[in-house]
Amino acid sequence: MLEIRRMTKDDLAEAAELERECFGDEAWSEKTFAESIELDYVIYLLALEKDHVIGMAGIRNICGDADITNVAVRSDFRRRGIAEKILVELMKCGEEAGVLNYTLEVRSKNLAAIKLYEKLGFRKEGIRKNFYENPLDDALILWKRKEDEC
């Protein structure tokens, strides 16, 4: 059964392991996650199955605009709606914390992620050329703005 909850210090090793699996050389370290979850404007949620981390995502709330970071799902659990469930719950937590708008960056060639973000109401507003390495790729800058929902 899928459980979604906030990341704690006890989860740091598994979160960093998932990060390495999904992002390789660009992965955050256990120390970076530890420092982040201590910040009062940061929320990280995990998806767990049988007490093992299978997915995660986080936000940094800066004056009502939240940057979504580290969206990751273990490769053997992809295409099951886990990322969507995490993001929906994360945005609920964000709204409770005063977030009005959400932004994120995604590889331009990550069509599955782009499709998910569009389904959740995100729209492309910019491009960062050659933002990602290994392999080299542009970052699409997506936003989900409160006024878009009116």
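This is a predicted model: local features need pLDDT of at least 70, side-chain atom pairs count only at pLDDT 80 or more; totals for chains, interfaces and linings use all residues.

User: What makes Lys-50 exposed rather than buried?
Analyst: Its relative accessible area is 70%. Exposed means over 50%, buried under 20% and partly exposed in between, with a 1.4 Å probe and protein chains only. Lys-50 therefore counts as exposed. The residue lies in the loop between S2 and S3, and its phi is positive, about 55 degrees, although Lys-50 is not a glycine.

User: Why is Asn-70 placed in its accessibility class?
Analyst: Asn-70 has 10% relative accessibility and therefore counts as buried. Asn-70 is found in strand S4, where its phi is near 55 degrees, a positive value in a residue other than glycine.

User: And why is Ala-34 given its own class?
Analyst: At 26% relative accessibility, Ala-34 falls in the intermediate range and so counts as partly exposed. Ala-34 belongs to helix H2, residues 30-37; helices are DSSP runs of H or I with at least four residues, strands are runs of E with at least two, and both are numbered from the N terminus. Ala-34 and Asp-11 are 23 residues apart in sequence, with 9.4 Å between their C-alpha atoms.

User: How do you know where the buried residues of H4 sit around its axis?
Analyst: Helix H4 spans residues 111-119, and its buried residues are Ala-113, Ile-114, Leu-116 and Tyr-117. They cover an arc of only 160 degrees around the axis, so they lie on the same side of H4; the arc is taken from the directions from the helix axis to the C-beta atoms. An α-helix has 3.6 residues a turn, so residues three or four places apart point the same way. The face turned away from the buried side carries the exposed residues Leu-111, Lys-115, Glu-118 and Lys-119.

User: What covers the buried residues of H4?
Analyst: The cover includes strand S4 (65-73), helix H3 (82-96), strand S5 (101-107) and strand S7 (137-144). Just after H4, Gly-121 takes a positive phi of about 100 degrees.

User: What makes a group of residues a nonpolar core, and which residues have the most contacts inside the largest?
Analyst: The term means buried Ala, Val, Leu, Ile, Met, Phe, Trp, Tyr and Cys residues joined through side-chain atoms within 4.5 Å. The largest such core has 29 residues, and Leu-87, Val-106, Tyr-117 and Phe-122 have the most contacts inside it. Two or more residues each come from strand S2 (42-49), strand S3 (52-62), S4, H3, S5, H4 and S7. H3 gives the largest share, seven residues. Another core lies apart from this one; it has twelve residues, among them Met-7, Leu-12, Val-42 and Met-56.

User: Which residues does Phe-122 touch beyond its sequence neighbours?
Analyst: Leaving aside neighbours within four places in sequence, Phe-122 is in contact (heavy atoms within 4.5 Å) with residues including Ile-68, Met-91, Tyr-102, Tyr-117, Leu-142 and Trp-143.

Technical notes
Residues are numbered from 1 along each chain as its sequence is written. Side-chain values use heavy atoms; hydrogens and water are left out.
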